[in-house]
Amino acid sequence: MAATDTLPGSPLPELLKRVGFRRRRRGFGSATQLLWNRVESNASLLALCRIREDLTPEDEAILGQCQEKLEAARWCLDKPTGRWSFSFWELIHEVDGLLLLVMPASMLVPRALEIQQQFERRVTDAGRAQLWLGADRVSGPLPRCVRRLAHVDEPGSGAAAPPPLDAEQARYCRSVLRGALESVNQQVDKTFWQLSINVSLQIFSTLLLLAVFVVSFVILSPALIDGWPRTLVPGGLLLVGFAGASGAIVSNMLSKERFVVATGATSRFFAYHLMVKPVLGAFAALMLLFLEQSRMLLSVDTRAASTSGDASPAILHIVVSGPQAMFFTLMALAVVAGWSADKLLSSIMDKVLGRLLGQSEKVLPPSKPVGTAAPPPKGAVPP
C-alpha cells in the first residue's frame, strides 16, 4: 500500500459513508462519533447473528426487527437539523435487548456477566434489586441464569458443572437477561433525561435572563433613581418586577431538579420553570414593594428621614445613606424575594390546603355502613 493511500484526499471507505460521518467528518472528537460507533457495533453483531445455521422463523423475525430499528437509529443520528436523542437511545436499547434472544451462546456469556455487573451497580431501588438478585444477591433469577449460561455450579453445592441448557431453558435465561437489561437501561435513561432537562433549562434561563437585563437597562434611567419613590409608577413597578423575575431565573440556573421523567410531560417542566417561576418571582417582588410602601412590616428610609422624628412603625426598619441607596436596596430585596418565592409560596399554599382539607374532614359526618341504625342515646331503655 502506498503512503498516499492514507492521506485525507483519498476516497473514504464504504463504511465511513453511511452514518453521519461525511456531515460531521471534522468533529472527530465529538460525541457523534461515539454514537456512530455504537450503531455500527450493533450492526456488526446483527450480521454475525444472521449467519447462524439453526435460525428459527422467530429468530428471523427478531433479526428483521433489529434491522429496521437500526435503520431508524441511523436516520435519527443523521438528521440534517435537530437530532432525536430520546428516540435514538430507545431504538438502540430495543436492539440490544432483541439481540440477546438470537446471539450465539459463545457471545452471550460475556454479555450476561456484563449485564449482571451493570445491574448490581446501577439499579439502586431496593425492591427491584431484591426481586432480580434475591435477598442474598445470589439466589435471584438473574444470578442463577448467569451461572447456568456460564455452566457454573450453585455456590456451596459442591456438585459438578451442570449439563448444557436445552432450548426452553436457554430461551428462559435469555428472556431474564433481556428484562434485567431493560431495567438497567431505564435507570440510565432516567438519569440522562434528568441531566438533559436540567442543562436545557439552564441554557434557556440564561437567554431569558439576558432578555430581562436588556429590557431593564432600557427602562433604567438616572431620573428614575433620583426621583424614587415618586417615580414608582410605572417604571419603578416594572423594574421591581423584573428584579424578582431575575431572581427566580437565577434560581433555575443554579438548581438541579430530579425531575420525574414521563413521556410527553417535559414541556410542562419548561413551562413551569421558564414562565410560572419568573411570574411568581415578579409577584413576590411587587408584594415586598407594597409592604415597604405601606410601612407595615418593612420600611427602607434614608438617614435624613429617620432622624427627622417621623419614626416608622414597621417591624423591620432599614436605614440607608440616600435615595440612590434606598432604590438599590429595594432592588436587592426584590431579587432575594424572587429567588425564594417558589419555595416560600409553595410551602405556604401546601400548609393552607392541608389545613382546609383537615377542617373539611372534621366537618363532614363519619360514614356509616348502609342499614346500620344509629346508637341509642345514653340512658335510653332499649325496646
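Student: In which helix is Thr-206 found?
Tutor: This is a predicted model, where local features need pLDDT of at least 70, side-chain atom pairs count only at pLDDT 80 or more, and totals for chains, interfaces and linings use all residues. Residues are numbered from 1 along each chain as its sequence is written, and side-chain values use heavy atoms, leaving out hydrogens and water. Helices are DSSP runs of H or I with at least four residues, strands are runs of E with at least two, and numbering starts at the N terminus. Thr-206 is found in helix H7.

Student: Is Thr-206 buried, partly exposed or exposed?
Tutor: Buried means under 20% relative accessible area, exposed means over 50%, and partly exposed lies in between (1.4 Å probe, protein chains only). The relative accessible area of Thr-206 is 32%. Thr-206 is therefore partly exposed.

Student: Which residues does Ser-216 touch, not counting those up to four places away in sequence?
Tutor: Ser-216 is also placed in helix H7, and its relative accessible area of 14% makes it buried. Contact means heavy atoms within 4.5 Å. With residues up to four places away left aside, Ser-216 touches Leu-239 and Phe-242.

Student: Are H6 and H7 roughly parallel, roughly perpendicular, roughly antiparallel or oblique to each other?
Tutor: Axes are lines fitted to C-alpha atoms, for helices over the stretch in contact, and angles run from 0 to 180 degrees between N-to-C directions. The axes of H6 (residues 141-149) and H7 (residues 167-219) come within 9 Å and cross at roughly 130 degrees. Angles under 35 degrees count as roughly parallel, over 145 as roughly antiparallel, 65 to 115 as roughly perpendicular and the rest as oblique. H6 and H7 are therefore oblique.

Student: How do the residues of the contact of H6 with H7 divide into nonpolar, polar and charged?
Tutor: H6 contributes Pro-141, Leu-142, Cys-145, Val-146, Arg-148 and Leu-149, and H7 contributes Gln-169, Tyr-172, Cys-173, Val-176, Leu-177 and Ala-180. Ala, Val, Leu, Ile, Met, Phe, Trp, Tyr, Cys and Pro count as nonpolar, Asp, Glu, Lys and Arg as charged, and the others, Gly among them, as polar. The division is ten nonpolar, one polar and one charged.

Student: How are H4 and H6 oriented to each other?
Tutor: The axes of H4 and H6 come within 9 Å and cross at roughly 160 degrees. That angle makes the pair roughly antiparallel.

Student: Which residues of H6 meet H4?
Tutor: The H4 (105-122) side consists of Leu-108, Val-109, Ala-112, Leu-113, Gln-116 and Phe-119. These meet, in H6, Leu-142, Pro-143, Val-146 and Leu-149.

Student: Which helices do the buried residues of H6 pack against?
Tutor: The buried residues of H6 are Leu-142, Pro-143, Cys-145, Val-146, Arg-147 and Leu-149. They pack against H4, H5 (126-133) and H7.

Student: How many disulfides does a search of the whole structure find?
Tutor: A disulfide is a pair of cysteine sulfur atoms within 2.5 Å. The search of the whole structure finds zero.

Student: How far from Cys-49 is the nearest cysteine sulfur?
Tutor: Cys-49 is in no disulfide, and is buried with a relative accessible area of 0%. The nearest cysteine sulfur belongs to Cys-66, at 7.9 Å.
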